Amino acid sequence: MASRGVAAFSGAALRRLRTAARLSQDELAAKTRSYGAKVAGPHVSQYEQGRRKPQLTTLRALAAALDVPLQTLLIRGAPSADVARLRLLAGWSQQALAHRLGIAQARWSRIERGLSSLDESELRLAAELLKVTVEQLSRSLDTGSRLPRGPRQRHAPSPQQAT
């Protein structure tokens, strides 16, 4: 089971970049520690295998140790990964961004996973904080596929189905 960490992290990209740099997992860990992260060789192995995901500070240290932009260690493609990517590239943790938006961190997490949406004023502020246009953020959120906001409904059978 993967640990909590940067959801959009790509273990495959880390492995590819590490091997291209001709570093062992232990060597990469040592280099990463010089950037302030508390990482050992087994951590790098778990990151590459997808069994663990690094925290944002560790991800930044890994990128610095490999001398690559942070975005090269992130997954591309899925709308939720795109939103997380925008957040990470702007330097925000989920908690800090949610706090700045005046919403709960759990709600921002649901937004990144496509289970909730932002109202218009929140969307404008989020775009400003993420340093993108409202249109770019809307595309990343893929608002057409979002579930409508509102109270959760249990999937109880209707009276007609129950008989």
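Modeller: Let's start with Glu122, which counts as buried because its relative accessibility is 13% (buried is under 20% relative accessible area, exposed over 50%, partly exposed in between, with a 1.4 Å probe and protein chains only). Keep in mind that this is a predicted model, where local features need pLDDT of at least 70 and side-chain atom pairs count only at pLDDT 80 or more, while totals for chains, interfaces and linings use all residues. Residues are numbered from 1 along each chain as its sequence is written, and side-chain values use heavy atoms, with hydrogens and water left out.

Colleague: OK, and which side chain meets Glu122 in a salt bridge?

Modeller: That's Arg107, at 2.8 Å, N to O (a salt bridge is a side-chain nitrogen of Lys or Arg within 4 Å of a carboxyl oxygen of Asp or Glu). Arg107 sits in helix H7 and Glu122 in helix H8 (residues 120-130), so the pair ties together parts 15 residues apart in sequence. Helices here are DSSP runs of H or I with at least four residues, numbered from the N terminus.

Colleague: Is Arg107 buried or exposed?

Modeller: Buried, because its relative accessibility is 12%.

Colleague: How many salt bridges does the count come to?

Modeller: The count is 5. One of them joins Arg87 and Glu112, at 2.4 Å, N to O. Arg87 belongs to helix H5 (residues 79-89) and Glu112 to helix H7 (residues 105-112), so this pair links parts 25 residues apart in sequence. Both Arg87 and Glu112 are buried.

Colleague: What about Glu120 and Arg124?

Modeller: Their side chains meet in a salt bridge too, at 3.0 Å, N to O. Glu120 counts as exposed, at 58% relative accessibility, and Arg124 is partly exposed, at 46%.

Colleague: Switching topic: which residues of H3 are buried?

Modeller: In H3 (residues 41-49), they are Gly41, Val44, Ser45, Tyr47 and Glu48. Down the axis of H3, they fall within an arc of 160 degrees, so they line one face of the helix; the arc is taken from the directions from the helix axis to the C-beta atoms. Glu48 is also linked with Arg15 and Arg18 in a network of salt bridges.

Colleague: And what covers that buried set?

Modeller: The cover includes helix H1 (11-20), helix H2 (25-33) and helix H4 (56-66).

Colleague: Which residues meet where H2 touches H4?

Modeller: Leu28, Lys31 and Thr32 in H2 meet Thr58, Ala61, Leu62, Ala65 and Leu66 in H4 (contact means heavy atoms within 4.5 Å).

Terms used
Helix = DSSP H or I, 4+ residues; strand = E, 2+ residues; numbered from the N terminus.
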